[in-house]
Amino acid sequence: MLGRSLRARLALFAGVTMAVLCVATSALLLRAAHTVVVEIRRNEVIGGALRVVHLIKDHELPPTIDVAAHSVQVVDGGGRVVSSTPNLAGAPRLTTAAPGPGAAHHNAVLCGLPGLSGACQIMAAFRVNEPEGDWIIYTFGPLPAWYVDPGVLALLTGACAGLVCLAWFGVSRVVARTLAPVRSITEKLSEITAGNGTMRVPVPDGADEIKGLAETANRTLARLEGAMEQQRRFASDASHDLRSPITAMRAELDGAMLAPAETDWPETCEKLTSSLDRLQNIVTDLLTLAKLDAGAPARLEAVDLADLVCAETARPRSKKVVTSLDHGVSVTGDRLRLARLLTNLLDNAERHAESRITVSVRRAGGEAVLEVCDDGAGIAPEHRETVFQRFTRLDASRSRDAGGTGLGLPIAREIAWSHSGTLTIEDSERGARFVARMPVRDH
């Protein structure tokens, strides 16, 4: 309906525009033609008057003059009509207009003359010198109508109507062909909205803007499809990881309830607390990811990364932590989120390290570089992006990574991205080397 409405509006606009142009052009043509025809008629009237002048000079002027298509009156020096065309026979002098002093002729347009059907007339007046006084010869010819001739008006009207119809039809067809791909895209998007079609729209041939629109829509749909698939996997993985501690707690409680008298309740409570801690960690990480995905506002301030590392490594860990810090390397960011990034990297390194964790802070050009390395087994190059996917644990490290939620590294990368930075795994001689890079704050 929208396409037809747009088609009708554009066709109407083209038709009205063509009609205005036709009217303006026809008016100019009629004006020019009317001017030409009036000039031709004036010359004819003057020519008729000159023929009468010759008759007077040759003394051959009859009482009744036969001049085709013209009306003539000859007035002698005394003001009497001495000769005229048959249609003015017996009529009084029609006008007193005369050539000015020293002028031999005069022409004008007169209207409402008696005996000439009331139409405006082109008049030509010539003075002839005679012994008894100046004679005046009046010749009249009808003034052409503004439309020149009914045939001319009909021709222009028909041409305008044809051009208007042609413009309407042509624009309607062109718009219809142009909007046909848009209609196909709209129908396909309707199917996608209803969940009945693949998430792609047809791409028309050619290299116009509509093809670009379709290709852009397909790229957007591809990203949307990927995001939806990621959300489905995320929901499935989250359900699985949430179900594991709940199942463990349910099993502990069921076993304890079967033989309450024989149950070691302190041990059971310790196991339940461990499962609750894991459940709480997963929920906390899920809430953190939800806030990062939603673009929750951060409290931006100057954060010295060396001071941040000192504060986060102050608490004891099961593995030795060695630092190499360049002080004065600051970034603009949220201190709590940056602390979470560092803590997640330290926790991950602690679970995989053999005995030692190395943390360094330095400046490289316009970037602040934070590195966390461990002396564990390391991560194969083909898996260095996989570990940043949510709820991902490599099979080789499941036994050593039992305490993790599978969300620590994804959260750390999201925090780095939210600070216009990156978090990657780079080559190292031993173990895994996580490198976070962020823009340095200018002092």
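F388 belongs to the loop between β10 (367-374) and α7, whereas R413 is one of the buried residues of helix α7. With a relative accessibility of 7%, F388 falls under the 20% limit and therefore counts as buried.

## Aromatic pairs

Three aromatic pairs are found when the whole structure is searched. In one of them, W146 and Y147 have ring centres 5.3 Å apart and ring planes at 90°, so this pair is edge-to-face. W146 counts as exposed because its relative accessibility is 56%. Y147, at 26%, counts as partly exposed.

F388 takes part in another aromatic pair, with F434 as its partner. The arrangement is again edge-to-face, with 6.2 Å from centre to centre and 80° between the planes. F388 and F434 are 46 residues apart, and their pair links distant parts of the chain. F434 lies in strand β12 and is buried, with a relative accessible area of 2%.

How many of the 11 residues of helix α7 are buried? Nine of them are, so this helix, which covers residues 408-418, is largely enclosed by the rest of the structure. The buried residues are G408, L409, P410, I411, A412, R413, E414, I415 and A416.

Helix α4 contains 29 residues. From its first C-alpha to its last it reaches 41 Å, close to the 42 Å expected at 1.5 Å a residue. Its buried residues include T268, L272, S275, L279 and I282, and also D285, L286, T288, L289 and L292.

T263 is placed in the loop between α3 (209-258) and α4. Its relative accessibility is 17%, so T263 counts as buried. The side chain of T263 reaches the backbone oxygen of A259 at 2.7 Å. Apart from neighbours within four places in sequence, T263 is in contact with G255, A256 and T268. T268 is itself one of the buried residues of α4.

Most residues other than glycine have a negative phi.

H59 counts as exposed because its relative accessibility is 69%.

## Confidence in the model

The protein chain has a mean pLDDT of 85, and 91% of its residues reach 70 or more. Over residues 396-401, however, the pLDDT is below 50. Beyond near neighbours in sequence, this stretch has nine contacts in the model. Where pLDDT is low, the predicted coordinates should not be read in detail.

How values were computed:
Residues are numbered from 1 along each chain as its sequence is written. Side-chain values use heavy atoms; hydrogens and water are left out. Buried means under 20% relative accessible area, exposed over 50%, partly exposed in between (1.4 Å probe, protein chains only). Helices (H or I, at least four residues) and strands (E, at least two) are DSSP runs, numbered from the N terminus. Rings of Phe, Tyr and Trp (its six-membered ring) pair if their centres lie within 6.5 Å; planes under 30 degrees apart count as stacked, over 60 as edge-to-face and the rest as tilted. A polar contact is a pair of N or O atoms within 3.5 Å; within protein, one must be able to donate a hydrogen and the other to accept it, and residues adjacent in sequence count only if both atoms are side-chain atoms. Contact means heavy atoms within 4.5 Å. The expected span of a helix is 1.5 Å times one less than its number of residues. pLDDT is the predictor's confidence in each residue, from 0 to 100.
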